[in-house]
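Have the sequence and the model open side by side as you read.

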Amino acid sequence: DPIRADEQNQEMAGKGDLPDNLRYSKWDHIEVSDDEGDSHPNIDQKLMARLKKEKRSKDYEEFRKQHPDAPDPIRAEELEVTRSRTVVNSSKTETEEQKEAMMKKEEGNKAFSKGEYAEAEALFTEALALTEGVDMTAPEMIDARKQRAVFFNNRAAARANQKDRVEGVIEDTTQAIKLDYRYVKARLRRAQTYEEMGKVKEAHDDYKRAMSYEPNNATARGGVDRLQVEIDKLRESKLVEIKIPDVIPDNRIIKYNIEGHGEIELELPEDAEPGQTIRLQMEEDEEETKEDEEEGGGGLHKHADLYQMSLKTYTTDKMLSSVFMERWMKMPEESRLAVVDRTFDVMVQQTITNTTGYKMSQAALFLLCPEISPENRRVISKDPKAFLDVCTKSSEDTDQKAIAWLTERTPQLKGTQIAFGIRLQYQISVETDGGIEVMAPIRRLLVAETLVCVFEALTGKKASEMPHMVGHT
């Protein structure tokens, strides 16, 4: 969109290099689709093309200086084109309704840029109506799904600029997210709207999820940091102090009647003493919503299975494995290690800062997933076969195998704590009753997802674009 295009251009050149119509201040009120920036009539197309070309050239030269041994990039014409891929702007694959919907979207964007928000909303609504009957469940319809998500998000932007349309913004951004789970712009707009409504938890959750997809997104990071104080206050308000009775039952289970929660049973820890006061963090019962299920929920097991399927696809698909091995084998050991370190560290950072939905210490993560530990990185970088062996083992892992693995290593994992849940309301360890069963899919997911990142980096193929991931990631 114009905002994104303008931000990119300001990074490419100083303000003195840009005409007035490309200055950010001229566009900061526009929040339209993700693909309109380059086509807006007010943008100097030749200047845009020159700036982009110069930046690409500069970035490539800098990369070659830092990695002189890296293989040459593979040109697009060298890659086999998948026939099942449907491009939404292709006249051969679009229906007449979809073409007309795109025209309505363009008209809506123009109305939006003029500040005619009610007119823009009406045009985006027409675009949605035209695509309402299109079956978008097939894997090859991923582009159509994403484009419809843009229609919803654009209408949300138009509604956000009108009075008393807050609920409509929430409805539209939610629909956009259901169609494109990783649509960060829609998620951030919903987060900001929730924040304006005073719904701190919901806003914080959306900011965190957005940051999990774009760790360097300043808006997402700012939202998480800004609301963390309020979240901490909410958690503090739910702390309840209870006193352990003078006589502790043999089964160490005591019952308490807590206001707002009724009667609860509490199993006392081994080090609990009579008369001691302990503090409990009380959480409201929250059922998994229908939205979460449609967004790709279904639990830890499902997500682990999906990433393992992606990993298997990278290693068995003829084209993908060929591209990967060509690049992997051309790289010297130090360059391979640099790629592994960079991709692994992203997942490590997201996990220890809780942008993945799980939070644990770095030491705990390396104990739970030694495959991604610093010690193992050198091994898999030195021997390409060792890396593929790790990938094969991960793709074939099951809950039963993971449970056996965790059980065998219980002494080493003792004391390792994992917090999970959308608000980190659950904490488990290998010593927790049922903890190993929950940790098993978490281990499967973290290992597979981290290894997938390496394949994404070298092949340029996103796991989220694979047929089995559509609608789930």
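Which residues in α3 meet which residues in α5? On the α3 side they are Gln 98, Ala 101, Met 102, Lys 105, Asn 109 and Phe 112, and on the α5 side Ala 144, Gln 147, Val 150, Phe 151, Asn 154, Ala 157 and Ala 158. Contact here means heavy atoms within 4.5 Å. Sorted by type, the residues of this contact come out as 8 nonpolar, 4 polar and 1 charged. For the sorting, Ala, Val, Leu, Ile, Met, Phe, Trp, Tyr, Cys and Pro count as nonpolar, Asp, Glu, Lys and Arg as charged, and the others, Gly among them, as polar.

Before going further, some ground rules. This is a predicted model, where local features need pLDDT of at least 70 and side-chain atom pairs count only at pLDDT 80 or more, while totals for chains, interfaces and linings use all residues. Numbering starts from 1 along each chain as its sequence is written, and side-chain values use heavy atoms, with hydrogens and water left out.

**The overall picture**

The protein has 19 helices and 7 strands; these are DSSP runs numbered from the N terminus (helices H or I, at least four residues; strands E, at least two). Of its 473 residues, 45% count as buried, which is to say under 20% relative accessible area, with exposed being over 50% and partly exposed in between (1.4 Å probe, protein chains only). Among contacts with a separation of 6 or more, 65% come from residues 24 or more positions apart.

Two packed helices are described by the angle between their axes and the distance between the axes. The axes are lines fitted to C-alpha atoms over the stretch in contact, and angles run from 0 to 180 degrees between N-to-C directions.

| Pair | Axes come within | Crossing angle |
|---|---|---|
| α3 (residues 96–113) and α4 (residues 117–131) | 8 Å | roughly 170° |
| α3 and α5 (residues 142–160) | 11 Å | roughly 30° |
| α6 (residues 166–179) and α7 (residues 184–197) | 9 Å | roughly 150° |

So α3 and α5 are roughly parallel to each other, whereas α6 and α7 are roughly antiparallel. The cut-offs are under 35 degrees for roughly parallel, over 145 for roughly antiparallel and 65 to 115 for roughly perpendicular, the rest being oblique.

As for handedness, α3 passes α5 in a left-handed crossing, and α3 passes α4 in a left-handed one too. That label applies if the near helix is turned anticlockwise from the far one by less than a right angle; clockwise makes it right-handed.

The crossing of α6 and α7 is left-handed as well. Its contact draws on Val 166, Glu 167, Val 169, Ile 170, Thr 173, Thr 174, Ala 176 and Ile 177 of α6 and on Ala 186, Arg 187, Arg 189, Arg 190, Thr 193, Tyr 194 and Met 197 of α7. These divide into 8 nonpolar, 3 polar and 4 charged.

**A closer look at α7**

Helix α7 is mostly covered, with 10 of its 14 residues buried. Among them are Arg 187, Arg 189 and Arg 190. After α7 comes Gly 198, with a positive phi near 85°.

**One buried arginine**

Arg 443 sits in helix α19 (residues 435–459). At 6% relative accessibility, Arg 443 counts as buried. Beyond its neighbours within four places in sequence, Arg 443 is in contact with Leu 368, Cys 369, Pro 370, Glu 371, Asp 397 and Trp 405.
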